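Hi,

Here is the structure I promised to hand over. Have a look at it first, and then read on for what turned up when I went through it.

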Amino acid sequence: MTALSALIRRDIRIALRVGGGALIGVLFFLTVVVLMPFAVGPDLALLSRLGPAILWLGALLASLLTLDRMFMADHEDGSLDLITMSRTPLELACAGKALAHWLAAGLPLIVATPVLGLLLNLDMVATGAVALTLLAGTPALTFTGMIGAALAVTLHRGGLLMAVLVLPLSIPVLIFGVAASQAVIVGPMTFGAPFSILCALSLVSLVIGPFAAAASLRQGLD
């Protein structure tokens, strides 16, 4: 557990450095949300209805933007080989790296949501609902994306392959995240049903993701 906590702290420090990827994701998220009102126009009612979808889509793309660095940097400097050969199970190390990635790149998106919700004419209740669904759903994006990052780590131009693999798997998270947020704003669906499915998707990805990523890394590095 000491080695695992050291790995998590190391990945967080690297991600928070300039060029580490975490800041790039937040800036991309901010750019998407700021530009969208100019594209939609001055219709505040329409902007309010589209607000949850805009925030969720921005978070999805921002998360995808930083996933390629989860294993690639370690592969380039040889750290990935040391992680694979260490006494810490590779599945546990993958889970630790995904947790570090979420803390550095996913959690700031959730913290920024209340401020960005004001730009989309969302009230405090709607903004809180979106932030809550992002808190429940972004771990699924990270742990699902980790599988694609592990598959692409040893491939030439693997970033494109990762996007092709991860985006279809992220669509259910996007659907139920937006549905739960819209239920608070316009109804008629209740908030609990899509939110429960969203939490279930995160739990399933938390269980399956580390094992699938570890198997992909073993296959790719052999």
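UniProt, in an unreviewed entry, places the feature "transmembrane region" at residues 21-40, 46-67, 99-120, 126-153, 160-185 and 191-217. UniProt positions are given here in the numbering used for this model, feature names are shortened, and annotations may be inferred rather than shown by experiment. Please keep in mind that this is a predicted model, in which local features need pLDDT of at least 70 and side-chain atom pairs count only at pLDDT 80 or more, while totals for chains, interfaces and linings use all residues. Residues are numbered from 1 along each chain as its sequence is written, and side-chain values use heavy atoms, with hydrogens and water left out.

Two of the annotated spans can be set beside the model. Residues 126-153 are 96% helix and 0% strand, with the end C-alpha atoms 38 Å apart. For residues 191-217 the figures are 96% helix and 0% strand, and the end C-alpha atoms of that span lie 38 Å apart. Helices (H or I, at least four residues) and strands (E, at least two) are DSSP runs, numbered from the N terminus.

**Helix α4**

Which residues of α4 are buried? In this helix, which covers residues 69-77, they are M70, F71 and D74. Because they cover an arc of only 65° around the axis, they sit on the same side of α4; the arc is that of the directions from the helix axis to the C-beta atoms. E76 and D77, on the other side of α4, are exposed. Buried means under 20% relative accessible area, exposed over 50%, and partly exposed in between (1.4 Å probe, protein chains only).

The buried residues of α4 pack against α1 (2-16), α3 (44-67), α5 (79-85), α6 (90-119), α7 (124-152) and α9 (192-221). Contact here means heavy atoms within 4.5 Å. Just after α4 comes G78, with a positive phi of about 85°.

**Salt bridges and cysteines**

How many salt bridges does a search of the whole structure find? The search finds three, where a salt bridge is a side-chain nitrogen of Lys or Arg within 4 Å of a carboxyl oxygen of Asp or Glu.

- R10 and D11 form a salt bridge, with 2.8 Å between the closest N and O atoms. D11 is buried at a relative accessible area of 12%, whereas R10 is partly exposed at 22% relative accessibility.
- K97 and D11 meet through their side chains in a salt bridge of 2.7 Å, N to O. This pair links distant parts of the chain, with K97 in helix α6 and D11 in helix α1, 86 residues apart. Both K97 and D11 are buried.
- E91 and R218 also have side chains that meet in a salt bridge, at 3.0 Å from N to O. Here too distant parts of the chain are linked, E91 being in helix α6 and R218 in helix α9, 127 residues apart. E91 counts as buried at 18% relative accessibility, and R218 as partly exposed at 35%.

R10, D11 and K97 are linked in a network of salt bridges.

As for cysteines, the structure holds zero disulfides, a disulfide being a pair of cysteine sulfur atoms within 2.5 Å. C94 is buried, with a relative accessible area of 1%, and C199 is partly exposed at 26% relative accessibility.

**Around S48 and N121**

S48 is in helix α3 and counts as buried at 16% relative accessibility. Leaving aside its neighbours within four places in sequence, S48 is in contact with L120, N121, L122 and I185. The side chain of S48 also reaches the backbone oxygen of N121 at 3.5 Å. That is a polar contact, meaning a pair of N or O atoms within 3.5 Å; within protein, one must be able to donate a hydrogen and the other to accept it, and residues adjacent in sequence count only if both atoms are side-chain atoms.

N121 itself lies in the loop between α6 and α7 and is partly exposed at 37% relative accessibility. Although N121 is not a glycine, it has a positive phi of about 60°.

L118 belongs to helix α6 and is exposed, with a relative accessible area of 57%. C-alpha to C-alpha, L118 and S48 are 9.7 Å apart in space, and they are 70 residues apart in sequence.

Best wishes
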